[in-house]
Amino acid sequence: MAFTTRLIVNTRQYAQNLTQDIDLASLSASKDLAFGLIGSILLLAVFAQWIVKAYKFWQYPFVNKAGWWNASKAKENFVWNAQKLLVDGFHQDFLGHLFTFQLFDDRQNFGEMVNIVVRTKLTQSLGLITKVVSEEMTAAIREQWTEDAEWHAINLKTTLLEVIAQLSSRVFLGPELCRNKNWQRITIDYTVNVFMAISAVKRYPKILHRIAQWIVPEARVVRTQMAEARRLIQPVINQRKKEILAENRSIFEKPTEPTRKHTDAIQWLYELSKGGDYDAALAQLSLSMAAIHTTGDLITQVIYDLCEHPDLVQPLREEAIAVLGTDGWKRTSLYNLKLMDSVIKESQRIKPAGMVSMRRLATENVTLKDGRRIPKDSMVAVSAHWNWDDSIYENPDQFDGYRFYKMSQKPETEQMSHLVATRPQHLAFGHGKHACPGRFFAANEVKIALVHILLKYDFKVDESSPPPKIFKMGWSMQSDYQAKILVRRRKEEICLD
Ligand code: HEM
């Protein structure tokens, strides 16, 4: 565009020079015609280039559009307001500038808050919360799969999503709300509802988005859930504030003091905000969005895989009995569940959450080490095909629960064998600077839940229900959300409570 703008300016100067140097009256009609023709061709060229550009980038939101005639204003805006432009640009993607979708409003910085809380506070507290998560699992699985010792059918994904919502909420919100059914429903449904609402609003032309958000029913559901989330959380926040005031001490005195009363994300977010105002409900929803469906999907797939490979169940039980029976619920016990770690990672290798990972938007031209260029504004992602590549894994199409266990026994492959280890050949949690910071918690949560399930239940495929399949939509790969399995309560060999 800059080139075409310059071309037009030069042509105008040229025309001005012409009018100064030459007596207009002496110009012949043919010269007029030629000049008009050149002008028209130039205008057409500019217009064609504008169309081509608009078509090339039609699927991206534009920020800081250059004027039709002159780009200097846009350039100046870029020089002085680049950060704002970037933030505004990203609001447009998830409509974060609209009231209904304020969760994505980067000015409120929920993404960054959640990132810091998970990276620092949650991961550092894993030792403190292991027992708490196990206690919650006792209640959650009893409610979902019952104490019935006869075989009965359950919908695997639905029940495990509820379980994971309850366990995660215990850590994110504390004991007050984690068993609240309304809260659990919101944390599970909000993620799906918000994306449905965004696409419903985007069906309208951009200029009508502000109005459409008040009309489309999907957006109304999102606002109702947001209001309900606030109504539920506010009393807990108020109570916490009261407690802090009553103790008459600043919560920032010893923020990592392990004996403090609450070890949950309400406390961590409050500490991070340094007592300032922040929208606790939206911060919590942001946490849930990152944590619940991802973890629920993983554990669901593990159970489907165990139904298909029942020979793994007994060795897994024996490992759990040996480790938990000796050490009880400690963070180190979870580390020592090596076969379980391997089985979960194998499930994730065959069915990660997506066929690609590390999706990015190039905000600048990038030149890779090998000289290849990624042009500015390109959307890029890294393929996860190595998961299924026989140059990396022997018999990659076969589920081998011991695959990563065997790797963990060899010093040269030990490091890369762990569930939480990321590398270019295993991108299920991303890799590098932005690799999932919640993976340490997710791995522990899944292991705690699996120990309870393995020791307390028998489970098998329900032959009367269609076999589970992997749902593939675009890049995404999701475990079956409809399939049922049969479960029955068994007597656990060791007490887990
Ligand atoms: C099995 C469960 C999980 C899976 C498969 C998963 C996967 C991922 C992936 C693929 C990414 C993007 C990485 C990238 O683009 O490079 C990510 C980012 C993230 N995840 Fe997870 N995740 C899981 C659980 C969790 C949990 C439990 C939490 C929070 C407690 C969490 C918090 C986050 C956050 C905050 C980010 C953004 C990191 C950043 O942008 O720097 N995740 N996750």
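# Briefing: helices, ligand shell and selected residues

The buried residues of helix 9 pack against helix 7 (181-202), helix 8 (209-215), helix 10 (265-272) and helix 11 (280-308). This structure is a predicted model, in which local features need pLDDT of at least 70 and side-chain atom pairs count only at pLDDT 80 or more, while totals for chains, interfaces and linings use all residues. Residues are numbered from 1 along each chain as its sequence is written. The protein has 17 helices and 9 strands, and 31% of its 497 residues count as buried.

**Terms and overall contacts**

- Helices (H or I, at least four residues) and strands (E, at least two) are DSSP runs, numbered from the N terminus.
- A residue is buried if 20 or more other C-beta atoms lie within 10 Å of its own, exposed if 12 or fewer, and partly exposed in between, with C-beta atoms placed from the backbone.
- Two residues are in contact if their C-beta atoms, placed from the backbone, lie within 7 Å.
- Among contacts between residues at least 6 apart in sequence, 71% join residues at least 24 apart.

**Helix 9**

- Helix 9 covers residues 217-247, and its 31 residues should span 45 Å at 1.5 Å a residue, which agrees with the 46 Å between its end C-alpha atoms; the expected span is 1.5 Å times one less than the number of residues.
- A kink of about 30° lies at Ile-233, shortly before the proline Pro-235; the bend at a residue is the angle between axes fitted to the seven residues ending there and the seven starting there.
- The buried residues of helix 9 are Ala-219, Val-222, Gln-225, Met-226, Ala-229, Ile-233 and Arg-240.
- Ile-233 counts as buried because it has 22 C-beta neighbours inside 10 Å.
- Leaving aside neighbours within four places in sequence, Ile-233 is in contact with Ala-280, Ala-281 and Gln-284.
- Ile-233 and Leu-177 are 56 residues apart in sequence, but their C-alpha atoms are 7.9 Å apart in space.
- Ile-237, also placed in helix 9, is partly exposed, with 16 other C-beta atoms within 10 Å.
- Apart from neighbours within four places in sequence, Ile-237 is in contact with Ile-266 and Ala-280; Ala-280 lies 43 residues away in sequence and 7.9 Å away from C-alpha to C-alpha.

**Helix 10**

- Helix 10 is largely enclosed by the rest of the structure, because 6 of its 8 residues are buried.
- These buried residues are Ala-265, Ile-266, Gln-267, Trp-268, Leu-269 and Tyr-270.
- They pack against helix 4, helix 6, helix 9 and helix 11.
- Lys-274, which follows helix 10, has a positive phi near 50°.

**Helix 5**

- Helix 5 (residues 126-145) has 20 residues and reaches 26 Å from its first C-alpha to its last, close to the 28 Å expected at 1.5 Å a residue.
- Its buried residues include Ile-129, Val-133, Glu-136, Met-137 and Trp-145.
- The buried residues of helix 5 pack against strand 1 (152-155), helix 6 (156-173), helix 13 (331-335), helix 17, strand 6 (457-461) and strand 9 (484-489).

**Ligand shell and Cys-436**

- Of the 23 residues around the ligand, Ala-291, Thr-294, Gly-430, Cys-436 and Gly-438 come nearest; a residue is near a molecule or strand if its C-beta atom, placed from the backbone, lies within 6 Å of it.
- Helix 4 (110-124), helix 11, strand 2 (356-361) and helix 17 each supply at least two residues of the shell, and the largest share, 5 residues, comes from helix 11.
- By class, the shell has 15 nonpolar, 7 polar and 1 charged residues; Ala, Val, Leu, Ile, Met, Phe, Trp, Tyr, Cys and Pro count as nonpolar, Asp, Glu, Lys and Arg as charged, and the others, Gly among them, as polar.
- UniProt places the feature "binding site" at Cys-436 in an unreviewed entry; UniProt positions are given in the numbering used here, feature names are shortened, and annotations may be inferred rather than shown by experiment.
- Cys-436 is found in the loop between helix 16 (411-417) and helix 17 (439-456).
- With 19 C-beta neighbours inside 10 Å, Cys-436 counts as partly exposed.
- Leaving aside neighbours within four places in sequence, Cys-436 is in contact with Phe-429 and Gly-430.

**Positive phi in loops**

- Most residues other than glycine have a negative phi.
- Thr-146, in the loop between helix 5 and strand 1, is not a glycine but has a positive phi of about 65°.
- Thr-146 is partly exposed, with 15 other C-beta atoms within 10 Å.
- Asn-395, in the loop between strand 5 (379-383) and helix 15 (403-408), has a positive phi of about 45° although it is not a glycine.
- Asn-395 is exposed, with 9 other C-beta atoms within 10 Å.
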